[in-house]
Amino acid sequence: MPVSSEDVNKISKLAKLKFSEDEKKKLQNDMSRIIDYMDKINELDLSNVEPLENINETENVFRDDKKKETISREEALKNAPSKTDIFFKVPKVIKK
Amino acid sequence: MNLHEIQTGLAKGKFTLKTIVRNYLNTIEKNKDLNVFITLFNKGTIDRAEEIDSKTKTGKAGKLAGCIVSVKDVIAVKDKPLTCGSKILSNFISLYNATAIERLTEEDAIIIGKVNCDEFAMGSSNEHSYFGATKNPVDKERVPGGSSGASAVSVATDMCNISLGSETGGSVRQPASFCGVTGLKVTYGRISRYGLVAFASSFDSIGIFAKSNYDIAKVLEVIAGYDEKDSTSVLNPVDNYSELLNNKFKSGEIIFGYPKEYFTEGINEDILKGIQHKIELVKKAGFEVKEISLPHSEYVIQTYYILTSAEASSNLERYDGIRYGYRAGNEDSNLNDMYINTRSEGFGDEVKRRIMLGTYVLSAGYYDEYYKKAQKARRLIVKDFENAFKEVDYIITPTTPNTAFKIGEKIDNPLSMYLNDIFTASANLAGVPAISIPAGFDRNGLPFGIQIIGKKFNEAGLLRICDFL
């Protein structure tokens with residue numbers, strides 16, 4: 001199935017990515033070729049096959065719900081691109 | 001020298017670990033043009049070697065004293081940069097150790113530094129890195145393979161004796177093949193993924209590179225095993241891999257199969273001959289080798305790329321410029337624009353292409369068409385292996401259809417790059433272990449590997465086979 005320029009626009013919005021017009025053209029072409037190749041799986045009769053989600057088919061893994069020290073607030077803020085003393089700082093969300 | 005020889009030498013006082021580390025650091029310095037390391041630990045490494053040398057004198061050194069390890073830069077080492085070969089994490093410092101790193105250092109292995117890779121481990125050539133391409137030491141105009149390309153190079157050129165890489169579809173075995181070293185991908189869940197940055201979580205596993213199977217065995221018995229921090233790690237007991245290497249297979253004890261679907265057109269002639277020669281050696285050693293079928297092989301690449309792109313697009317949502325990593329714009333930006341600019345400026349082309357593909361196959365209208373179907377196809381591929389392993393114990397294939405290609409040769413054609421995983425991705429889809437062992441050189445002197453795929457949790461068997469291949 002060819003990927004349209006509308007598809008590229010829609011998907012990039014969902015993925016929170018933006019592209020120049022040239023990049024979009026290349027992407028549309030690449031994606032079309034790749035999706036076209038992937039379409040081969042439609043040859044398979046999968047009507048009686050269950051999807052495989054967990055490769056080792058392991059059961060739920062539980063642990064006690066106990067409070068544990070993981071990382072401190074200071075450490076958690078170490079890699080933040082913008083912060084105040086105790087908060088991650090983000091651009092204004094609510095307008096005046 | 002393998003680890004056994006190093007440890008004997010250290011115990012007898014023939015040399016010190018400090019000298020060994022110095023030698024490795026010199027080799028790294030001399031080969032800077034290969035662009036292997038992103039971060040080198042230098043001084044810290046020498047201090048650690050001195051500490052371990054004094055422990056050796058009192059007989060208190062850990063099981064892996066003498067192991068000098070390079071680590072693919074998608075695995076966390078506490079207080080060190082963890083870049084994933086990406087601009088978006090170029091300033092990120094890890095707050096903790098991956099479980100594999102924790103276990104290695106507890107046994108006195110020394111981490112010498114972090115090595116280059118394709119961005120977020122997406123690629124088969126090591127060209128998709130924000131820090132530039134890594135070069136193949138055999139021919140500097142060629143790629144070392146990927147995504148753990150620099151890991152393979154670091155072992156091939158004696159910059160260390162062990163490297164930890166990661167696998168999603170062949171990222172350890174393919175570069176091992178291209179660089180002429182041994183690379184093991186373990187059973188899904190055998191080594192904890194805690195501290196391995198997620199690419200496609202139902203496929204990812206840590207892998208080990210070395211020149212000797214003994215070294216891989218020693219490292220594996222330390223890092224394998226259940227970890228409560230990774231709920232997909234499994235409880236199965238860990239073998240004493242290095243001891244098991246002493247058990248030689250008796251003639252007729254094991255049966256090998258070669259899948260007819262893997263020996264068709266498009267394989268480099270020299271590789272085909274080399275693998276056929278190896279098959280003759282296996283027969284001469286007294287083992288049966290028979291033709292088998294993995295009937296869904298022609299759907300492997302499609303299934304693999306649909307599922308891994310989907311998982312990647314979901315895993316990479318976390319890079320939003322808020323809690324860590326690169327952030328575009330300033331305080332006055334609009335929040336949504338900040339997200340978009342951060343991700344568009346922070347990610348490279350291949351990562352963006354995978355996010356777009358993954359978002360596409362997961363989006364309304366296409367979810368059932370692609371993602372769900374690929375999950376079903378994955379079950380058929382798993383069944384292929386289950387059936388094959390009723391007939392044979394091990395599967396032999398070439399690791400790759402070709403030897404190392406030129407830098408730039410495939411960069412503009414993502415599909416032809418993806419086809420590099422054609423013989424390796426099936427083991428990740430099925431979650432089974434597989435190893436690439438050096439098998440020879442093509443007419444241009446470029447190395448290639450032979451791949452052995454085993455039953456789940458039979459890493460020991462794969463490592464034992466290295467001895468007669």
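**Notebook: salt bridges, interface, cores and backbone**

Entry 1: I looked up B:K18 and found a relative accessibility of 23%, so it counts as partly exposed. For my own reference, buried is under 20% relative accessible area, exposed is over 50%, and partly exposed lies in between, using a 1.4 Å probe and protein chains only. I am working on a predicted model, in which local features need pLDDT of at least 70 and side-chain atom pairs count only at pLDDT 80 or more, while totals for chains, interfaces and linings use all residues. Residues are numbered from 1 along each chain as its sequence is written, chains are lettered from A and ligands numbered from 1 in the order in which they are written, and side-chain values use heavy atoms, with hydrogens and water left out.

**Entry 2: the partner of B:K18.** I then checked B:E50, which is also partly exposed, at 38%. The side chains of B:E50 and B:K18 form a salt bridge, 2.7 Å from N to O. B:E50 sits in helix α3 (residues 43-57) and B:K18 in helix α2 (residues 17-30) of chain B, so this pair ties together parts that are 32 residues apart in sequence. The rule I used asks for a side-chain nitrogen of Lys or Arg within 4 Å of a carboxyl oxygen of Asp or Glu. Helices (H or I, at least four residues) and strands (E, at least two) are DSSP runs numbered from the N terminus.

**Entry 3: another bridge on helix α3.** Which residue pairs with B:K55 in a salt bridge? I found B:D108, with the closest N and O atoms 3.0 Å apart. B:D108 is in the loop between α4 (99-106) and β3 of chain B while B:K55 is in helix α3, so parts 53 residues apart in sequence are tied together. B:D108 is buried, with a relative accessible area of 2%, whereas B:K55 is partly exposed at 31%. I also noted a network in which salt bridges with shared partners join A:K26, A:D30, B:E350, B:R353 and B:R354.

**Entry 4: bridges between chains.** Over all chains, the search finds 30 salt bridges. One of them joins B:E298 and A:K40, with the closest N and O atoms 3.0 Å apart. B:E298 lies in the loop between β8 (288-292) and α10 of chain B, and A:K40 in the loop between α2 and α3 (73-77) of chain A, so the pair joins two chains. Both ends are partly exposed: B:E298 at 46% and A:K40 at 23%. Another salt bridge links the side chains of A:K68 and B:E228, at 3.2 Å from N to O.

**Entry 5: the interface as a whole.** I counted contacts (heavy atoms within 4.5 Å), and 73 residues of chain B touch 54 residues of chain A. The two chains bury about 5800 Å² between them, 65% of it on carbon and sulfur atoms. B:L95, B:M356 and B:R379 supply 13% of the area that chain B buries against chain A, more than any other three residues. Buried area here is the accessible area (1.4 Å probe) lost when two parts are put together, summed over both.

**Entry 6: nonpolar cores.** How many residues does the largest nonpolar core have? I found 140, and those with the most contacts inside this core are B:F120, B:L164 and B:I452. α13(B) gives the most to this core, with 10 residues. A second, separate core has 31 residues, including B:L10 and B:F209. A core here is a set of buried Ala, Val, Leu, Ile, Met, Phe, Trp, Tyr and Cys residues joined through side-chain atoms within 4.5 Å. Leaving out residues up to four places away in sequence, the contacts of B:F120 include B:C84, B:F199, B:Y319 and B:F347.

Entry 7: I came across a cis peptide bond between B:G146 and B:S147, with omega about 5°. B:S147 lies in the loop between β3 (110-115) and α5 (149-156) of chain B, and is buried at 0% relative accessibility. Among the residues B:S147 touches are B:K72, B:D118 and B:A121. B:A121 lies in the loop between β3 and α5 as well, is buried at 7%, and has a positive phi of about 65° although it is not a glycine. I noted A:K16 too, another non-glycine with a positive phi, about 50°. A:K16 is in the loop between α1 (5-14) and α2 (21-38) of chain A and is partly exposed at 28%.
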